[in-house]
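Here's a quick briefing to read alongside the model. Have the sequence and the 3D view open as you go.

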Amino acid sequence: MDLFLKLVLAAVLILLLFRMWPAYKAWQEQGRKAQQGDWAAVVLPLAGVAGLVVILVLMVR
């Protein structure tokens with residue numbers, strides 16, 4: 001029964017990928033392109049979160 005559920009889940013995920021493929025192609029062709037400062041806007045908050053996690057881990061030790 002467990003194997004059957006895994007196979008059904010895999011089939012559903014594959015069908016979902018086929019269903020979403022046209023939307024993905026449209027987003028790639030017509031979507032907004034990244035600007036000069038977009039990566040800095042992403043990296044700075046991620047670095048802040050990573051720093052906070054490191055501080056929390058060091059506090060627990």
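**The salt bridge**

Lys6 pairs up with Asp2 in a salt bridge, their closest N and O atoms being 3.7 Å apart; the term covers a side-chain nitrogen of Lys or Arg within 4 Å of a carboxyl oxygen of Asp or Glu. Keep in mind that this is a predicted model, where local features need pLDDT of at least 70, side-chain atom pairs count only at pLDDT 80 or more, and totals for chains, interfaces and linings use all residues. Residues are numbered from 1 along each chain as its sequence is written, and side-chain values use heavy atoms, with hydrogens and water left out.

- A search of the whole structure turns up 1 salt bridge.
- Lys6 and Asp2 sit 4 residues apart in helix 1, so about one helical turn separates them.
- Both Lys6 and Asp2 are exposed (buried is under 20% relative accessible area, exposed over 50%, partly exposed in between, with a 1.4 Å probe and protein chains only).
- In general, side chains of opposite charge can pair when their charged atoms come close.

**Overall build**

- The protein has 2 helices and 0 strands, taken as DSSP runs numbered from the N terminus (helices H or I, at least four residues; strands E, at least two).
- Its radius of gyration is 20 Å, well over the 10 Å that the globule rule gives for 61 residues, so the protein is more spread out than a compact globule; the radius is taken over C-alpha atoms, and the rule is 2.2 Å times the number of residues to the power 0.38.
- Along the principal axes, the C-alpha atoms fill a box of roughly 45 × 40 × 5 Å.
- Buried residues account for 0% of the 61 residues.

- Tyr24 belongs to helix 1 (residues 2-30) and counts as partly exposed at 39% relative accessibility.

**Lys33 in the loop**

- Lys33 lies in the loop between helix 1 and helix 2 (38-60), and is exposed at 53% relative accessible area.
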